[in-house]
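Here are my notes for your review. Please read them with the model open.

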Amino acid sequence: MKCTRLLLLACIIAFPALVSAQQYTISGTVKDSANGESVLGSSVFIPELKTGVNTNSYGFFSITLPAGKYTVEVSYIGRKTKKIAVDLQKNVKLNIELSDLSNELEGVEITGQHTDKNVTSTTMSSDHLDMAEIKAIPVLFGETDILKTITLLPGVMSAGEGNTGFYVRGGGADQNLVLLDEATVYNASHLLGFFSVFNGDAVKDMTLFKGGIPAEYGGRLASVLDVHMNDGNEKQYTVKGGIGIIASRLTIEGPIKKDRGSFIISGRRTYADVFLHLFGDSPALRASSLYFYDLNLKANYRITDRDRIFLSGYFGRDVFDAAGNFGIDYGNATGTLRWNHIFTDKLFLNTSAIVSDYHYNINITSGSSNFGITSGIRDYQFKLAFDYFLNSKNKVKFGVETTNHIFTPGTISTNGTSLITDLNIAQEHAIESAAYISDEVTLTSKLSFVAGLRYVVYDEIGPGTVFHYDTTGAITDTSKYSKNQIIQQYTSLEPRLSARYILNKNSSVKASYCRTSQFIQLLSNTTASAPTDLWVPSSQVIKPQLCDQYALGYFRNFHDNMFETSVEVYYKAMQNQIDYKPGADLVLNPVVESQLYFGTGRSYGIEFMVKKSIGKFTGWVAYTLSRTERQFQYINNDSWYPAKQDRPNDISTVLMYNANKKWSFGAVWIYATGNAVTFPVAQYEYEGHVVAYYSDRNAYRMPAYHRLDLSATLKRPKRKHFEGEWEFSIYNAYDRHNAYSIEFQQDPNNPAQTQAVMTWLFGIIPSVTYNFKF
């Protein structure tokens, strides 16, 4: 009896505490009120508890709180903040729509509430841009270009004039994972690198991770560029497009069923080949063609309140044909089928089935003979990704994925009387599987961290023939493997950690560490992206590349978050890096592994950023001071030497000014140290031929690169169902002749002397584009 009384008394005492500890969940989605598009990464904040979450990649959020009365503040850059009063006595669902600030205050300077994610977010070494910001930046021929825009960010450098390749913190151009709706894009360029494959009218936003890469991403060493396509307008049918001097585009979108599902179709084509026919009466010129096209397709439908499906695809192709004598066409095709399912108010699942293909064809005709060359890579991928909003202090992500890589190194097919024989280098196969888990933990109001772990298993599988080499690259033996037999297996355990400590309401310090691995490699000994670059799997000879990156940063906002500033330092140690033997032969070479050297790399630097995102005058200034070096046993006597992407100084200045509701202006100025290159330093005669003697690897530099771009946009007065605007831009406004290449040749006036001949691509280029929407 005494025990019963004590137990009853304990229950009576504990009951109020149990009631007060009762917790409920607020969950839902955040959308754009104008078109129903999900607003990714919007902030859901509870001021009473000074806690909150961000929406995931599909606009979903969940936060668990003690019972009580709260104000839910939902905000996103460029949107009007929404405040909702909630009496939390049970689980609550909120489907929130945010309106565009420009619709609220047309023609008035915008100084609305701006989130302080720069300081409070646990994420560092990342940049997020939406298309409104990207479209305000002047670029080549007036074509909005995501890849050229990200090269204006700190730590990111262009691979060269007129090239969409980019380097991130000393990594190679092939060490960036480029995703479009989760599908890998293997060649992100058009017209041999002058344009990117991303049509600005079809893209919603993009996020670039340079360090502290989340555990759900893997497969590349340096960075992740995650690009999301628009879902389509759920509210009404719209048509928009643009007509420029080199390309035109058209986008159609609308509801499948209002507020339930939508679609978008967006196409783009250049007509450079039309202008070729105006340059003369040459029959060969008139029979030639040069153009690219791309097509973005996407549809989504909400089956139930807990289930939604997406189907998206990209198809792009470049075509060049020289009157039937020589032709090359190359391009990407991707497809993504996704199913979102909400199990509970806390557990969200995304299931994805993905296919990605890249290949090129070269056709050469001479007289009665012709032959064709084909090469490429194809992936089939399946992913399960869970978001578990455990409570207000823990957000857990976990998942599994597997990818089947199919490599086609190259085939030659002949017709007619060609002296070239057919060649078929056998396909190679690899399966790359991974599991990951991460937890975003809020320990206190000041201290939070994200701890993650990714485990990867990579198998190169048969059928196939493996060559064994000696130290000189000569074949010593061969081994044959049957279908699905494991040729080589590698595993990689990749810890990821990011931490943030808030010093005060305006500043914080952050630190991160991440290990990344790369199991497929791109072989290219050119300075510019080329469609004939070759993807190969890790093998018994080619080891997977590994990178350990450490970063530390200080972040501070000024003037009520109007100005964002940051300073980050980083150090990267890289293993199993690839360089090439002198005169390496990479194309259609069945023993291409014999052409490679393997070594280590390091990169370190400091990045400065000042950004203003509020008001009529916006933009940023970014400066990066860095070094990138390599060490190989058989190069430069095993001494460290600059990698070709080593550029100690890189400066970008981006300015945008909204003068009034009609006119807006933009300017971009960039400066970068020239690429490291190897030049001849002497010459000698051998058997009657003049032979060049070259310097140590990358001992010289190309001239420094700098350029000014300007733009102006004139918006026409809005009509009831029509909007139009003119975009004027000047690329390379002060006509700087930046070096594309430098070649050395005998001076025709003095054969004993060698002269350097510089090739440059673009002088000053004005352009005009008309954009419309109805």
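Predicted model: local features only at pLDDT ≥ 70, side-chain atom pairs only at ≥ 80, totals over all residues.

The points below cover salt bridges, cysteines, backbone geometry and surface charge.

1. Local features are discussed where pLDDT is at least 70. Side-chain atom pairs needed pLDDT 80 or more to count.

2. Salt bridges, overall. The count comes to 35 salt bridges.

3. Lys611 and Glu133 form a salt bridge, with N to O at 3.5 Å. Lys611 sits in strand 37 (residues 596–612), and Glu133 sits in helix 4 (residues 131–135). The pair therefore ties together parts that are 478 residues apart in sequence. How accessible is Lys611? Its relative accessible area is 13%, so Lys611 counts as buried, the limit being under 20%.

4. A pair between a loop and a strand. Asp231 and Lys204 also meet in a salt bridge, and their closest N and O atoms are 3.4 Å apart. Asp231 is in the loop between strand 16 (223–229) and strand 17 (238–243), while Lys204 belongs to strand 15 (residues 203–209), so this pair links parts 27 residues apart in sequence. Asp231 is buried, at 5% relative accessible area. Lys204 is buried too, at 14%.

5. The network. Lys204 and Asp231 belong to a network of salt bridges. The side chains of Glu494 and Arg496 form a salt bridge, with N to O at 2.6 Å. Are these residues buried or exposed? Both Glu494 and Arg496 are buried.

6. Cysteines. The structure holds zero disulfides. Cys514 is in no disulfide, and the nearest cysteine sulfur, that of Cys547, is 6.6 Å away. Cys514 is buried, with a relative accessible area of 1%. Cys547 is buried as well, at 1%.

7. A cis peptide. The peptide bond from Gly462 to Pro463 is cis, and omega is near 10°. Where is Pro463? Pro463 is in the loop between strand 28 (447–461) and strand 29 (464–469).

8. Positive phi at Arg169. Arg169 is not a glycine, yet its phi is positive, at about 50°. The residue is in the loop between strand 10 (166–168) and strand 11 (176–180). Arg169 is buried, with a relative accessible area of 1%.

9. Positive phi at Asn576. Asn576 is another residue other than glycine with a positive phi, here near 60°. Asn576 lies within strand 36 (residues 563–580). Its relative accessible area is 24%, so Asn576 is partly exposed.

10. Surface charge. Lys661, Lys662, Arg716 and Arg719 form a positive surface patch. Arg719 is placed in the loop between strand 46 (705–715) and strand 47 (723–731). Arg719 is exposed, at 63% relative accessible area.

Key
Residues numbered from 1 in each chain as written. Heavy atoms only, no water. Patch = residues over 30% accessible without salt bridge, like charges linked within 9 Å, V, L, I, M, F, W, Y side chains within 5 Å. Areas by Shrake-Rupley, 256 points an atom, 1.4 Å probe, with all protein chains shown as cover. Salt bridge = Lys/Arg side-chain N within 4 Å of Asp/Glu carboxyl O. Lys, Arg positive; Asp, Glu negative; His and termini not counted. Charge placed at Lys NZ, Arg CZ, Asp CG, Glu CD. Helix = DSSP H or I, 4+ residues; strand = E, 2+ residues; numbered from the N terminus. Buried < 20%, exposed > 50% of the residue type's maximum accessible area, 1.4 Å probe, protein only. Disulfide = S-S within 2.5 Å.
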